[in-house]
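Please report on one strand of this model, its partners and the nonpolar core around it. Keep it brief.

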Amino acid sequence: ASYSSQSIDSCALCPQLVRVWRFGAHFNLITDSRFVWLFEGEIEDRRMSVQRVLVYGGKGALGSTIVRYFKQKDWWVANIDMSANEEADHNILVASAESWLEQHEEVMNKVEEGLGGEKVDTILCVAGGWAGGNAASKPFIKNCDLMWKQSVWTSTIAASLAAKHLKEGGLLQLTGAVPSLSGTAGMMGYGMAKAAVHQLVKSLAAEGSGLPANAGVAAILPVTLDTPMNRKFMSSADFTTWTPLEYVAEMLHKWSMKDERPSSGSLVKLITKNSITEQVLAD
């Protein structure tokens, strides 16, 4: 039988896709590991049905777990971080910057290039960090600056990405913290930054926020996540009160599928006791 070849945008369908060969009424997708047969016209349907997620902070402990979980569910996953995640379909590497505006511009440009005009179903922002200190601490302002960069810069840039690239009805998730619902005398910079994220979530859920129609926004508020770094530095703690990373990844996937997704603007506390985690809405 006669045939002809035709190229296809690999990032929109399958990252390993090489070429499409047409044989009569069928298509054979040639990949590096398998053959997939499609009926004529189904390529565009597959292109439209691929579910996409941006994971801001996808190289950290929680972010890596999320990337892996969504990949297992056959999502196209992009990682936005300072380091690449080999499990992601696409990596958007961000350089350290002193200017909020410069970092915003860099991320926006690289994401637009990576998506190639496609919209995403979900944007998950799990970037962040921790630093302690009160007003009398020598590194007080330094730590406040760091916390603002790690939590507020990333959250606002994620919101900007959502305004431009999120599908209608999609999900934007940001990361707050339970301690920031009240005073945090021993970690003022951290508490201040996370409280700002809480306010941002409320504003994004309000009418006229700039998010796509029917999009949902919510923040997860962990107490302590069960990460290797936390276990290393708090080895004598009660791990049964720490929230497993796999639980968070599964929960965010459900929210992305509109399964048990909280109402827009929710601040969802993750409370773990005796190794059982509950989702509790903050007042």
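Ile 80 stands opposite Ile 92 in β7. This is a predicted model: local features need pLDDT of at least 70, side-chain atom pairs count only at pLDDT 80 or more, and totals for chains, interfaces and linings use all residues. Residues are numbered from 1 along each chain as its sequence is written, and side-chain values use heavy atoms, leaving out hydrogens and water.

Strands are DSSP runs of E with at least two residues, and helices are runs of H or I with at least four, numbered from the N terminus. Two strands pair if DSSP finds at least two bridges between them.

| Partner of β6 | Sense | Bridges |
|---|---|---|
| β5 (residues 52–56) | parallel | five |
| β7 (residues 90–93) | parallel | four |

Arg 52 has Trp 76 in β6 as its bridge partner.

In β6 (residues 76–81), six of six residues are buried, that is, under 20% relative accessible area with a 1.4 Å probe, protein chains only. One side carries Trp 76, Ala 78 and Ile 80; the other carries Val 77, Asn 79 and Asp 81.

Ile 80 is also among the residues with the most contacts inside the largest nonpolar core, which has 36 residues. Such a core is a set of buried Ala, Val, Leu, Ile, Met, Phe, Trp, Tyr and Cys residues joined through side-chain atoms within 4.5 Å. Helix α5 (140–165) gives the most to this core, with five residues.

How values were computed. Buried < 20%, exposed > 50% of the residue type's maximum accessible area, 1.4 Å probe, protein only.
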